[in-house]
Amino acid sequence: MTTVRCPICLRLIDWSAAEEVVMTPAGTYERLERRPDEDDIQWNHRRLNVYRMCPGSAGSSQHALPGRYGDFGEPLVIGMVGESASGKTHLLAAMIGMFCDAARMTRIGLSVGALDLAMHDQYMREQVRPFLDNGQGLLGTRPAPPEFTDAFWVHNRRTGRDTAIAFFDVSGEWLASHESETPFLGAVNGLIFVVDPARIRRLGGAGGSVTGDPSFGIVLDKLARIRGFEGSAFLPVPAVVVIGKCDLLRHTEDLVGRWFPRGGQDDQEEFDLGTVEEESEDAYAFLWTVEAGGWLAPFVRCADSTLHFATATGTKAVLEGDGETFPLELLKPRRTLKPLLSLLAMSGVLERDKLSPAGRRGDR
Ligand SMILES: Nc1nc2c(ncn2[C@@H]2O[C@H](COP(=O)(O)OP(=O)(O)O)[C@@H](O)[C@H]2O)c(=O)[nH]1
Ligand SMILES: [Mg+2]
Ligand SMILES: [Zn+2]
């Protein structure tokens, strides 16, 4: 029996016994059964957007998971953490834009496909493409309980393993409150902490903080308590700490600038995990030199973590009407995929030895 934990309500689901359903145009779920006269093509076509009902969920809290969510064993559930406006939504859109680019992912030996075609289509249509293709700024995440942003299956051609990966983008206000409901933390097994350099006092001026991002500590504390790791030395959940908005730093901060050479990098650099150790050391040193040790909490508390520099946009937004836009000639996400690949290597979706500087040579 394959059991899978529901990231929405934390119930353990007997996956193969969970009812298959489809969503009706009215947004309710309807049981899916094969008609006697249906051949494979017709049946598969009707199952394109199949879900599995979370048993026991009822009434207004009724919910379903993508039909193949539990087909590959324990899914990798990744959560974005950071206070409001730290840059989570733009970073995730830039990251996923690259992650579901088949030609790119082939270079590191992964095939990637959407787990929920309708959800993926909607996310691409409403967020990723308007941002990356048209330079449209993305709106703030509603302060509401976390929901799936998108989900994928990943096949590692070298190991032959398949994994389901789900992403949660969470509103900062929601995360930063001790009282708010965050059940996905009970299912999460990979974290992306986003550091907003503009919130660091030494860099952002008077309004900045010296103690760090409050949502980091709250998430780490809740996670430790939910998983029963309070008192243990380290949380066994891999984490990446991404210093975002590096377009604002790269011309003035040497430790940052060296990772963003003028004229751009060879695209291959994004896929070379052999530099992660060195990048982590620089990012760690950078945070110390700007008196931002408070943002290192995930590194200090998680057993496995790496640190990264990235820019989701490459440039500051321009205000237009009541929205933001990014001038297309300047819009250039950089180093956004690498943190995700590092997290995949720490989670075993990618081969872990790719992270060691020596692992580089064998790769070429
Ligand atoms: N300069 C710069 N600004 C960014 C970057 N990423 C996001 N922003 C800006 O930061 C603000 C908050 O971004 P958003 O992704 O909505 O943050 P969230 O609330 O953490 O999801 C917006 O005004 C974005 O334009 C970046 O890489 N560079
Ligand atoms: Mg957001
Ligand atoms: Zn559930």
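Glu-291 counts as partly exposed, at 48% relative accessibility. Here buried means under 20% relative accessible area, exposed over 50%, and partly exposed in between (1.4 Å probe, protein chains only). The model is predicted: local features need pLDDT of at least 70, side-chain atom pairs count only at pLDDT 80 or more, and totals for chains, interfaces and linings use all residues. Residues are numbered from 1 along each chain as its sequence is written, and side-chain values use heavy atoms, with hydrogens and water left out.

Glu-291 sits in the loop between helix H9 (276–289) and H10. Its phi is positive, near 55 degrees, in a residue other than glycine. Most residues other than glycine have a negative phi. Arg-335 also has a positive phi, near 60 degrees. Arg-335 belongs to the loop between strand S15 (323–325) and helix H11 (337–346). At 3% relative accessibility, Arg-335 is buried.

The protein chain holds 12 helices and 15 strands (DSSP runs numbered from the N terminus; helices are H or I with at least four residues, strands E with at least two). Its radius of gyration is 21 Å, close to the 21 Å from the globule rule for 364 residues, so the chain is as compact as a globular protein of that length. The radius is taken over C-alpha atoms, and the rule is 2.2 Å times the number of residues to the power 0.38. The C-alpha trace spans about 70 × 50 × 45 Å along its principal axes. Buried residues make up 51% of the 364 residues. Of the contacts (heavy atoms within 4.5 Å) with a separation of 6 or more, 73% join residues 24 or more positions apart.

Helix H7 covers residues 214–226. Its 13 residues should span 18 Å at 1.5 Å a residue, and its end C-alpha atoms are 18 Å apart, which agrees. The expected span is 1.5 Å times one less than the number of residues. Buried positions in H7 include Phe-216, Ile-218, Val-219, Leu-220 and Leu-223. The buried residues of H7 pack against strand S7 (76–81), helix H5 (172–176), strand S11 (190–195) and helix H10 (297–301). Gly-228 follows H7, with a positive phi near 75 degrees.

Leu-117 lies in helix H4 (residues 117–134). Its relative accessible area is 39%, so Leu-117 is partly exposed. Leu-117 touches Leu-48 and Asn-49, not counting residues up to four places away in sequence. Asp-150 is 33 residues from Leu-117 along the chain, and their C-alpha atoms are separated by 9.4 Å.

Technical notes: Chains lettered and ligands numbered in written order.
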